[in-house]
Each structure stands twice: as structure tokens, then as C-alpha cells.
Amino acid sequence: MIHFDYIRVSTTKAAVDAIVKDSKAQWIAGGTNLVDLMKKGVMAPDKLVDINNLALKEIKKQSSSLLIGALALNGPVADNELVRKEQPLLSLALQAGASAQLRNMATVGGNMMQRTRCPYFYNPDMPCNKREPGTGCGALKGFNRMHAIFTDSEKCIAVHPSDMSIALVALDATVLVSGPKGDRRIPFQNFHRLPGDMPQKDNTLERGELIVAVDIPDNKFSKNVHYLKVRDRTSYAFALVSVAAALDMQGSTIKDVRLAMGGVAHKPWRLPEAENFLKGKTASEAVFRQAAELSMKGAKGYGYNNFKLRLAPTSIVEALKAASGKK
Ligand code: SF4
């Protein structure tokens, strides 16, 4: 049995101090991923710092954005009237994640911090550069059906598992954090990272930095949105490929567009070339196909996941068709 201490804190400062003082301590909120990781022996914190009492649950309209507290729960955020009206893409992505039970435990901050579900990462007997740097990547020549097709390093080909994060990167959200050096804002696009030489590091947070909120700027993506998630079961399964599509349409003309994919990279994968191509075009399946082709530059399969090279562009086209209303 592995012993660990458990404390509860009620201020952000106390939460940060507790982690800074103890290099093996971990915050816990919903615990929907961390508890699994502890049970499997992948993570072994010597102290759990429970942050559920912090006042970070509010969903608040600001002058030109929507602020969502880091401890707001995924289910209630998806159902929130303001979120559904102003940021429906986020609501759709949240509803596609996990199960109703998990959505009612998991927090927004925890959703962003969840670790990959690569099976080699969860098995301490297998090589895994993310769990134990320098041991190799079991998935590279192993069973890699769920893995990335876009990466900057073969040290890790795992994918980021969150649906919510795919919508947030498409919506140009910002992550608000509080840490030992003060507060800072991180553009969502820069929050998660590609593996490079440090696959053990999922994001750009520094030790002791706590996510306090996510801020989503106002936009005109309240009507033509779609979150397409292709998975092995219709519920409680991670994405093989997912696409977040948001369009600002004037008649059939695409005035503005945001596109991001999940299930294809170590971080939520934005599609800037496809977005630039689509702006100003008349919506049609042919145009969507061209955008999808542009998005696949640099994609590479690793064997079992080769099917994603076809599934990904097809999913982009289908998501754009659904968002635009074009059959
Ligand atoms: Fe580990 Fe990443 Fe390789 Fe999976 S893909 S075995 S998480 S290094």
C-alpha cells in the first residue's frame, strides 16, 4: 500500500503554497483521472491537496468574454444557459466527453490537465517516455491505433484526450493561472505542448501554477457550430478523431471560421491553413474537401493508426457540412 497525506485548503494562496513546499504533492479536485493514475501506480503523490473549497466555480459574463471558473463541473457547464447561448461549441464538446457521472465530478481545470490514455503510459511494466523519460515509446512500434498522426517527435506519439480542450482552442480561449510568481494569462493554443524532447511535460504550466479560470472572448459563432466525435462506442469512449467546427456565415459565404481536431496530436490541433483557405469562400462540399486536404499536410501513420489518415479529412468535411447546414 502507498501512503499519502490529505489536506484541504480554502484559498488559492494556500493551494499554491502547499504545492510549492512539497515537490511530491498534487492538487486534487474531481479526481476522475488522478485516482486512476494512483491506483495503477503511474503517479504516487505523497500528499493530496484538495482544492474543492476554493471559490472557483462561477460562470460569469464579462464585458467582452465569458469567464468560467476552473472548478466549475463539466456537466453543469455544458448545460449552463449562458454557455449554450454564447459558446454552444463548448457545450457540444463537453457533452461528447466521458459519461454523465464523470461530467458531474470532473472540473474544467482538471479536464485540461488530464493525462493521455495511451495504454503503455498506464502500465508501469512497459516502456514509456512520458511516464519514465528515456525508457522508449512502447506505442511507436506497438499497438498504436489511438495515437497521433501529427507530432514533432517520435519520443511520444500519444494524443491529448480532452474534448473540451478542442473546443477551447478553436474558440481562442485564454487560461488564467495563479502561481508563486503571481498571476498570468496563457493563450489556450500555448497551454498544451507537443512532446519534443520532453514528452513527460503535457503543458506549459510551471510548478505551483494553479488554473483558476478559462476566459472565452465573445464571437459570432453562436449558430453554425458542430463537434464531431468519431469513437468506438457512442458514449464513454475517447475520440479516434474529433473535429470542432465553428462558422460565421452570411448567407452561403463563410465570413469567419475556426477549426480544431482531437485524437490526432499531443495537443489540441488547430487547423490554421484550412481556416485561412475557407474565409470568404462559398460553403460547399468541394470547398470543404480542399480545406480538409490542406489540413493533412505533415500527417503520418504509425501502422495501426493509418486509418486516421483517411478518417481525419473525412471528419473535417462532415463537421463543416453539419456546421454550415450544407448537405
Ligand atoms: Fe508513452 Fe507517449 Fe509512447 Fe504512449 S506514446 S508509450 S505515452 S511515450
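What follows is a set of questions and answers on this predicted model.

Q: Why is Ala98 called partly exposed?
A: Buried means under 20% relative accessible area and exposed means over 50%. Ala98 comes in at 30%, so it counts as partly exposed. The residue belongs to the loop between helix 5 (88-96) and helix 6 (100-103). Its phi is positive, about 50°, although Ala98 is not a glycine.

Q: What makes strand 1 and strand 3 a pair?
A: Pairing asks for at least two bridges. Strand 1 and strand 3 (residues 47-50) are joined by 4 bridges and run parallel, so they pass the definition. Within this pair, Arg8 stands opposite Asp50 in strand 3.

Q: Why are strand 1 and strand 2 said to stand at the edges?
A: The sheet is open, with 3 strands in the order 1-3-2 and parallel pairing. Strand 1 (5-8) and strand 2 (25-28) each have a single partner strand, so one side of each has no neighbour in the sheet. From one strand to the next, the twist averages 25°.

Q: Where does helix 1 lie, and what angle does it make with strand 2?
A: Helix 1 (residues 12-21) lies across strand 1, strand 2 and strand 3, and runs at about 150° to strand 2.

Q: How do you know that the buried residues of helix 1 share a side?
A: The buried residues here are Ala15, Val16, Ala18 and Ile19. The arc they cover around the axis is only 160°, so they are on the same side of helix 1. Their cover includes strand 1, strand 2, strand 3, strand 6 (174-179) and strand 8 (210-217). On the face turned away from that buried side are the exposed residues Lys13 and Lys21.

Q: Why is strand 10 called largely enclosed?
A: Buried means under 20% relative accessible area. In strand 10 (residues 241-250), 9 of the 10 residues are buried, so the rest of the structure largely encloses it.

Q: What makes strand 9 and strand 11 partners of strand 10?
A: Strand 9 (residues 224-230) pairs with strand 10 over 7 bridges in the antiparallel sense, with His226 opposite Ala245 in strand 10. Strand 11 (residues 253-262) is joined to strand 10 by 9 bridges, also antiparallel, and Ser242 stands opposite Gly262 in strand 11. Strand 10 and strand 11 form a hairpin with 2 residues between them, and Gly251 in the turn has a positive phi of about 65°.

Q: Which residues touch the most other members of the largest nonpolar core?
A: Those are Leu89 and Leu90, in a core of 37 residues. Helix 8 (residues 164-170) gives the largest share, 6 residues. Beyond neighbours within four places in sequence, the contacts of Leu89 include Ala167, Val225, Tyr227 and Ala245. Another core, of 29 residues, lies apart from this one, with Ile149, Val257, Ala283 and Met296 among its members.

Q: Which domains does the domain assignment give, and what separates their centres?
A: The assignment gives domain 1 (5-52) and domain 2 (224-324). Their centres, taken over C-alpha atoms, are separated by 36 Å.

Key. Residues are numbered from 1 along each chain as its sequence is written. This is a predicted model: local features need pLDDT of at least 70, side-chain atom pairs count only at pLDDT 80 or more; totals for chains, interfaces and linings use all residues. Side-chain values use heavy atoms; hydrogens and water are left out. Axes are lines fitted to C-alpha atoms, for helices over the stretch in contact, and angles run from 0 to 180 degrees between N-to-C directions. Contact means heavy atoms within 4.5 Å. Domain bounds come from an automatic or database domain assignment. A nonpolar core is a set of buried Ala, Val, Leu, Ile, Met, Phe, Trp, Tyr and Cys residues joined through side-chain atoms within 4.5 Å. Buried means under 20% relative accessible area, exposed over 50%, partly exposed in between (1.4 Å probe, protein chains only). The arc is that of the directions from the helix axis to the C-beta atoms.
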